[in-house]
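Here's a quick briefing for anyone meeting this structure for the first time. Take a look at it, then read on.

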Amino acid sequence: MNFAKTILEIRNDAGLTQEEFAKKMFVTRQAVSRWENGGTTPTVDSLNIMINTFNVDANVFFKEEQKCQSCSWHLSNFEYLGLNEDGTIHGEYCAQCLQKGKFDDQFTPEAIINMIVEEGLDFYNTDHKTNYTKEQAREVLNQVLPTLKRWKQA
């Protein structure tokens with residue numbers, strides 16, 4: 001998910017300078033600059049202001065198929081996004097795996113797989129447009145999770 005590029009496009013489409021955009025967003029010009037350069041991401045509140053002020057469909061932030069880099073869940077809604085310690089959106093992790101900049105240590109790859117297979121398989125299949133049995137889902141997740149950023153770094 002490329003917040004920087006999308007925010008720059010929204011500002012350019014509105015024909016505004018960073019200063020003008022910042023005033024409408026109730027932030028500093030420097031905040032807008034950091035967003036556009038990828039140095040930081042906006043808070044959920046700021047994204048909601050942007051969506052409403054500039055009449056933008058929230059889906060523009062989800063152009064690419066993005067998945068949580070811990071559990072592989074699709075990140076297709078702001079509510080699903082994990083937050084950094086300062087309340088800004090992380091963008092690579094879901095809210096279940098990353099809360100206030102910290103990973104939930106109980107979510108090991110094995111625990112994630114068991115939770116999805118045993119408790120959330122119907123939702124997983126709907127979300128991923130699949131029809132896996134428990135065994136198939138377990139096999140796929142055992143292949144996918146080790147390729148995700150969080151587990152590659154471990």
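Does Ser46 count as buried or exposed? Ser46 counts as buried, because its relative accessibility is 10%; buried means under 20% relative accessible area, exposed means over 50%, and partly exposed is in between, using a 1.4 Å probe and protein chains only. Keep in mind that this is a predicted model, where local features need pLDDT of at least 70 and side-chain atom pairs count only at pLDDT 80 or more, while totals for chains, interfaces and linings use all residues. Residues are numbered from 1 along each chain as its sequence is written, and side-chain values use heavy atoms, with hydrogens and water left out.

**The whole chain**

- You'll find 8 helices and 4 strands in the chain; these are DSSP runs numbered from the N terminus, with helices being H or I of at least four residues and strands E of at least two.
- Reading along the sequence gives the pattern α-α-α-α-β-β-β-β-α-α-α-α.
- The C-alpha trace spans about 55 × 30 × 20 Å along its principal axes.
- Out of 154 residues in the chain, 41% count as buried.
- Take the contacts (heavy atoms within 4.5 Å) between residues at least 6 apart in sequence: 51% of them join residues at least 24 apart.
- The chain's accessible surface is about 8900 Å², and 47% of that belongs to carbon and sulfur atoms; the areas come from the Shrake-Rupley method with a 1.4 Å probe, and for residues only the protein chains shown count as cover.

**The largest nonpolar core**

- A nonpolar core is a set of buried Ala, Val, Leu, Ile, Met, Phe, Trp, Tyr and Cys residues joined through side-chain atoms within 4.5 Å.
- The largest one here holds 38 residues, and those touching the most other members are Phe3, Phe21, Met50, Phe54, Phe61, Cys68 and Phe78.
- Among the elements giving two or more residues to this core are helix 1 (3-14), helix 2 (18-25), helix 4 (44-53) and strand 2 (89-94).
- Helix 5 supplies the largest share, with 4 residues.
- Leaving aside residues up to four places away in sequence, Phe54 touches Ile10, Ala14, Leu16, Phe21, Lys24, Met25 and Ile49.
- As a general point, nonpolar side chains in soluble globular proteins tend to be buried together.

- The buried residues of helix 4 are Ser46, Leu47, Met50 and Ile51.
- Seen down the helix axis, those buried residues fall within an arc of 140°, so they line one face of helix 4; the arc is that of the directions from the helix axis to the C-beta atoms.
- Asp45 and Asn52 are exposed on the other side of helix 4.
- Cover for the buried residues of helix 4 includes helix 1, helix 2, helix 3 and strand 2.
- Back to Ser46: not counting residues up to four places away in sequence, Ser46 touches Met25, Val27 and Trp35.

**The loop after helix 4**

- Asn55 sits in the loop between helix 4 and strand 1 (81-83), and just after helix 4 Asn55 takes a positive phi of about 50°.
- Asn55 counts as exposed because its relative accessibility is 71%.
- Asn55 and Ile10 are 45 residues apart along the chain, with 9.8 Å between their C-alpha atoms.
- Asn77 also has its place in the loop between helix 4 and strand 1, and at 29% relative accessibility Asn77 counts as partly exposed.
- For Asn77 and Gln30, 47 residues apart along the chain, the C-alpha atoms are separated by 26 Å.
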